[in-house]
Amino acid sequence: MADIPESRVLAISSHLLGLDVAALNTVQFSNHSGYRQLKGFKTTGEQITELYDGLKMNGNDDFGMLLTGYVPGAEGVEAAGRVAVDLRERRKGEKGGFFWLLDPIMGDEGQLYVGEDVVPVYKSLLALADLIVPNQFEAELLSGVKVDSVESLSRAIEELHRVYKVPHIIITSVTLGDSDKKMKCAGSTKTTTGASRKFIVDVPIVDGFFSGTGDLFAALTLARFRDEAGKAGLLETASWLSPDEVGPLDLPLAKTTEKVLGSMGLVLLKTKEVRDGKMNLLRDLVPDEELDERARRIRLAKASELRLVQCQKELLDPGVIVRATKFE
């Protein structure tokens with residue numbers, strides 16, 4: 001489940017990595033919100049349920065995995081939760097069972113872009129998910145921990161494991177005021193006793209605003225994690241949990257995060273290269289100062305569209321991989 005055109009991000013990256021995808025669009029928008037103007041409508045909770053019932057009616061509901069992204073409104077999030085519960089029940093007893101990656105999209109940089117009533121709904125669903133991928137702001141909302149240091153980042157992960165019992169966690173896009181143009185990504189897989197196994201990755205920041213990076217991260221993470229869990233012989237294990245003796249840096253989740261961030265870094269660098277070239281050509285034709293703010297914004301948004309089709313090699317094999325380190 002995702003919005004349009006972000007569902008295209010999910011489909012391209014997932015198909016490329018070998019997954020068959022059925023997209024249930026939770027909005028029908030003419031373009032992504034990076035343009036700051038759009039046409040279209042939001043899918044209601046009732047419509048989400050109706051579309052899912054249609055899949056079941058024709059026998060097209062044998063899904064072993066679910067990825068939920070942006071869902072507008074509390075009723076829509078509740079409907080998505082019911083889909084997850086139903087899929088898990090239908091797969092009960094089958095080899096591989098069911099795996100749910102929940103991206104609790106609520107806001108960023110200290111601001112909600114969903115209603116406040118959405119937050120408690122997500123809190124009620126976290127315990128049902130196998131893997132969650134909140135950003136820094138969303139992790140703060142869900143854990144109750146203000147993330148402003150590596151120590152508080154660690155506490156937030158601990159709280160998410162403790163309160164919601166969620167097996168796998170990745171907190172994305174963490175900025176802690178570092179001056180070296182890097183952000184952090186941190187994750188953990190819990191043990192059978194609920195203890196965390198935490199790792200952290202430093203990620204170079206690529207200049208510019210790129211829409212759809214969260215969707216790309218989630219899609220790549222689900223596909224890569226399935227692959228890494230398969231290599232570790234965990235696909236028939238509940239939530240693909242590693243044995244307790246596996247250390248943080250040997251976790252399939254850590255290996256997944258390294259590969260995903262490697263691919264994303266290369267995609268963003270390619271996108272930046274294309275964007276800068278296009279913008280230079282356009283500015284030679286019509287300088288920025290001759291355009292109003294709206295026209296400048298649209299021009300930049302069009303030039304900054306993620307170059308997924310052009311980066312198939314980078315998505316399949318990032319080559320240079322960023323490395324995770326253990327942290328307490």
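This is a predicted model: local features need pLDDT of at least 70, side-chain atom pairs count only at pLDDT 80 or more; totals for chains, interfaces and linings use all residues.
**Stop 1: Val21**

You'll find Val21 in the loop that runs between α1 (6-16) and β1 (27-29). Val21 and Ala219 are 198 residues apart along the chain, yet their C-alpha atoms are separated by 10 Å.

**Stop 2: α3 and α4**

Next, pick residues 74-90, which form helix α3, and residues 118-125, which form helix α4. Two packed helices can be described by the angle between their axes and the distance between those axes. Here the angle is about 10° and the axes lie 9 Å apart. That angle makes α3 roughly parallel to α4, and the crossing of the two is right-handed.

To see where they touch, show the side chains of Ala74, Val77, Glu78 and Gly81 on α3, then those of Val118, Val121, Tyr122 and Leu125 on α4. Sorted by class, this contact of α3 with α4 has six nonpolar residues, one polar and one charged.

**Stop 3: the buried side of α4**

Stay on α4 and colour Val118, Val119, Val121, Tyr122 and Leu125, which are buried. Turn the view so that you look down the axis of α4: its buried residues fall within an arc of 160°, so they line one face of the helix. An α-helix has 3.6 residues a turn, so residues three or four places apart point the same way. What covers the buried residues of α4? Bring up α3, β4 (99-102), β6 (111-112) and α5 (136-143), which are included in that cover.

**Stop 4: Glu140**

Glu140 is buried, because its relative accessible area is 16% and buried means under 20%. Leaving aside residues up to four places away in sequence, Glu140 touches Val145, Lys146 and Val147.

**Stop 5: α7 and α8**

Finish with helix α7, residues 213-231, and helix α8, residues 252-285. Their axes come within 8 Å and cross at roughly 140°, and α7 and α8 are therefore oblique to each other. This crossing is right-handed. Among the residues that meet here are Leu216, Phe217, Leu220 and Phe225 from α7, and Leu253, Val260, Leu261 and Met264 from α8. By class, the contact of α7 with α8 has twelve nonpolar, four polar and five charged residues.

Note on methods. Residues are numbered from 1 along each chain as its sequence is written. Side-chain values use heavy atoms; hydrogens and water are left out. Axes are lines fitted to C-alpha atoms, for helices over the stretch in contact, and angles run from 0 to 180 degrees between N-to-C directions. Helices (H or I, at least four residues) and strands (E, at least two) are DSSP runs, numbered from the N terminus. Angles under 35 degrees count as roughly parallel, over 145 as roughly antiparallel, 65 to 115 as roughly perpendicular and the rest as oblique. A crossing is left-handed if the near helix is turned anticlockwise from the far one by less than a right angle, and right-handed if clockwise. Contact means heavy atoms within 4.5 Å. Ala, Val, Leu, Ile, Met, Phe, Trp, Tyr, Cys and Pro count as nonpolar, Asp, Glu, Lys and Arg as charged, and the others, Gly among them, as polar. Buried means under 20% relative accessible area, exposed over 50%, partly exposed in between (1.4 Å probe, protein chains only). The arc is that of the directions from the helix axis to the C-beta atoms.
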